[in-house]
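Visitor: I would like to go through this model with you, taking the arrangement of its elements step by step.

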Amino acid sequence: MVELETRELEYFLALADELHFGRAAVRLSIAQPALSKAIRRIESRLGVPLFLRSSRQVELTPAGKALREHGRYALDAVGAAVRHAQRAGDIRAHLRLVLKPGGDAGLLSGLLAAYACRPDARQVDILFSGPADRADFLHDGRADVGLLYAPFDDLDGLAHETLHTEDRVAILPAGHRLAGCAAVRMSDLEGETLPRWKGVPGDDGTGPEVADVVQMLQMVTVGRMVGVLPRSLVEPVPAGLVRVPVTDAPPSRVVLAWTEQDHRPLVASFVAAALKWHESGTRSDVDGI
């Protein structure tokens with residue numbers, strides 16, 4: 001089997017991204033002749049050309065496109081394995097928790113307080129992510145645990161426990177035709193402009209792209225779209241907007257998630273504290289849920 005070193009994959013991917021030997025060499029902090037020699041060595045070892053070169057441009061061949069796709073996954077996997085190994089061996093490591101800004105449904109302070117009472121508690125670093133990559137933070141080792149929203153976040157390969165279940169609501173401008181309704185159904189929103197969430201594949205929104213809830217609420221306020229969100233993400237309701245329950249929208253769950261293979265005491269302790277706190281019923285539910 002032909003083998004490539006991780007450094008060689010890094011060289012290839014840099015050139016595949018830049019499609020320019022000079023820029024790729026600068027990005028890698030190596031000399032351009034050294035990069036050219038490395039790419040020729042990779043092609044020779046694989047027995048296929050990866051790039052088409054001319055005096056004007058550099059292009060990927062079909063083989064190059066395939067290696068770019070799969071090579072990036074391989075390099076990411078190696079990086080994740082290194083990070084997980086380093087974290088597993090670091091007895092002083094902080095616990096890293098990822099969530100979306102404002103995406104804790106009022107749970108975070110209670111979770112942190114419950115965990116802090118444990119004799120083995122570590123410092124908790126809070127990480128914030130975009131609308132679609134919280135699961136990636138867990139898979140690649142950037143975070144140890146996360147607060148995710150189901151069914152919106154991808155839970156494949158993750159162990160998880162539900163901490164909170166809530167309904168979903170339509171977010172409308174105060175002057176909208178449905179703003180005075182006690183409740184609506186999804187069919188009532190047909191024809192309305194819905195947001196396209198940045199980085200979320202398969203999103204069927206037709207409106208402008210938004211990166212987070214704050215951007216979406218701004219667009220709703222100026223009448224460019226409406227939205228359907230878990231109730232806690234719009235608590236309290238911003239001025240000029242109205243929150244109307246959507247009776248037939250599937251409920252949203254806030255889950256505590258971690259990778260299935262992660263059995264470190266660091267993670268197990270936090271999960272145990274979270275579940276004990278949740279089961280005690282001492283937390284205050286979000287208003288109206």
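**Strands and helices in contact**

Visitor: Over how many bridges do strand β7 and β11 pair?
Guide: This is a predicted model, and in it strand β7, residues 168–173, runs antiparallel to β11 where the two pair. Within that pairing, Ala170 stands opposite Val244 in β11. The number of bridges between β7 and β11 is 5.

Visitor: Which strands are the edge strands of the open sheet?
Guide: The sheet is open and consists of 3 strands with antiparallel pairing, in the order β10-β7-β11. Its neighbouring strands are turned against each other by 35 degrees on average, direction ignored. An edge strand pairs on one side only, and this holds for β10 (227–230) and β11 (241–245).

Visitor: What angle does the direction of helix α7 make with that of β7?
Guide: Helix α7, which spans residues 213–221, packs on the sheet and touches β7, β10 and β11. Taken against the direction of β7, the direction of α7 makes an angle of about 45 degrees.

Visitor: How are α1 and α3 oriented to each other?
Guide: The axes of helix α1 (residues 6–18) and helix α3 (residues 32–46) come within 10 Å and cross at roughly 110 degrees. Since angles of 65 to 115 degrees count as roughly perpendicular, α1 and α3 are therefore roughly perpendicular.

Visitor: How many charged residues does the contact of α1 with α3 have?
Guide: On the α1 side the contact is made by Glu8, Tyr11, Phe12 and Leu15, while α3 contributes Leu35, Ala38, Ile39, Arg41, Ile42 and Arg45. By class, 7 of these residues are nonpolar and none is polar, and the number of charged residues is 3.

Definitions and conventions: Residues are numbered from 1 along each chain as its sequence is written. This is a predicted model: local features need pLDDT of at least 70, side-chain atom pairs count only at pLDDT 80 or more; totals for chains, interfaces and linings use all residues. Side-chain values use heavy atoms; hydrogens and water are left out. Axes are lines fitted to C-alpha atoms, for helices over the stretch in contact, and angles run from 0 to 180 degrees between N-to-C directions. Helices (H or I, at least four residues) and strands (E, at least two) are DSSP runs, numbered from the N terminus. Angles under 35 degrees count as roughly parallel, over 145 as roughly antiparallel, 65 to 115 as roughly perpendicular and the rest as oblique. Contact means heavy atoms within 4.5 Å. Ala, Val, Leu, Ile, Met, Phe, Trp, Tyr, Cys and Pro count as nonpolar, Asp, Glu, Lys and Arg as charged, and the others, Gly among them, as polar. Two strands pair if DSSP finds at least two bridges between them.
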